[in-house]
Amino acid sequence: MWIFFRFISEIYLKNFFIIFLSLIGFYCGIDLLLNFKDLPQSVNLQLLYTVFLACSAVPYILPLSIVFAFILSLISMIRTNEFVSFYALGISKNLVVIFPFLWALFFCCIYIGLNFTSFAYANDYKKNILKNGVLNKQGGEIFLKFNNDFVYISKINNGQNSVQNIKIFDLNNSTLNSFVEAKTASFKDGNWILKDGNLTTLPKEYILGAKGLDVQEFKELSALEGFKPKIIESVASNSNYSILDAWESLKLFKDQNISIETLKINLYKLIFMPFFAPFLMLIMYYYFPVISRFFNLAFVAFVAFIVTLLSWGLLFLFSRLSENGVIISEIGIVLPIVLLGFFSLMKFYKNR
């Protein structure tokens, strides 16, 4: 069994890495040819742009590479009669596909794991370098609601966990109780530390001759517990989300009665869409011929590539329709993957 695992894995992994790296190189080459004149003069930024460009291409290239590598591996084994030899040795049909399928799941899990990190923001970094000549840009003005507070921020220092000119308005039943102004604020230990500002408290009752506004200056003040910088940055610049930040934003916006449809779509795309590749790979396997004598393998490979591209394009179309609100995200993104998974497992158990 170990020899068979090494044999089938070597064929599949060799084709996978050749196709994956080739497509990454092709994607980066075309993009650099189109945008090289707009890149900053700094060599460091140009190298960073290339790295982030390659990372931003992974969501599109990885699923195609997984399926294309499997198609080429099957065609190669059928042409050399290795495929039918496995059956002659008593190896079941499911056992032939199980190791490439597990490798495909492994690559998908790695991709999902990377989306818990800053890898998910590679596209944002790439755009910042191309448009602004810097890795992190400063966000513009933003006005947000957090619990009973309304927060106005003049400038966001993306990637530095700090903001400039922040104002926090504390409201209760549409009544302004107090507001805070600060020149700068930085996020530390789950709280925003406001510096060099003042706290203005309004009277509960407005009575002639009574005490009016109470203004207190401060050097430091803690506020907005749990309001993470990445949530502010993503809302301000309409940028991508990592899985962790999307989940935290989802819980936060749900509590604030803010629409969470965009966040759900981001989460579904990061978690469910990668599994399109292994499920489609498993389905296509059972329709491949065992021997090449009665089939034109070039035509079979061509049909398999076309089916893969059409399936991936259709899934991408459904995701775009979900983003535009034409269909709900559960139908546009989750349901196709679930149906693919159900049909692939049905074919697997049927051929036991």
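In the predicted model, T308 is buried, with a relative accessible area of 0% (buried means under 20%, exposed over 50% and partly exposed in between, with a 1.4 Å probe and protein chains only). T308 lies in helix α10 (residues 297–323); helices are DSSP runs of H or I with at least four residues, strands are E runs of at least two, and both are numbered from the N terminus. Beyond its neighbours within four places in sequence, T308 contacts L64, V67, F68, I71, F276, L280 and M284, contact being heavy atoms within 4.5 Å.

Residues are numbered from 1 along each chain as its sequence is written. Local features need pLDDT of at least 70 and side-chain atom pairs count only at pLDDT 80 or more, while totals for chains, interfaces and linings use all residues; side-chain values use heavy atoms, with hydrogens and water left out.

The protein averages a pLDDT of 81, and 88% of the residues score at least 70. The mean is lowest in strand β1 (residues 138–139), at 54, and highest in helix α9 (residues 276–285), at 91.

The largest nonpolar core comprises 101 residues, and Y12, I66, I166, L194, L224 and F288 have the most contacts inside it. Such a core is a set of buried Ala, Val, Leu, Ile, Met, Phe, Trp, Tyr and Cys residues joined through side-chain atoms within 4.5 Å. Helix α2 gives the most to this core, with 20 residues. Not counting residues up to four places away in sequence, L194 touches I166, I168, V180 and F218, among others.

Methods:
pLDDT is the predictor's confidence in each residue, from 0 to 100.
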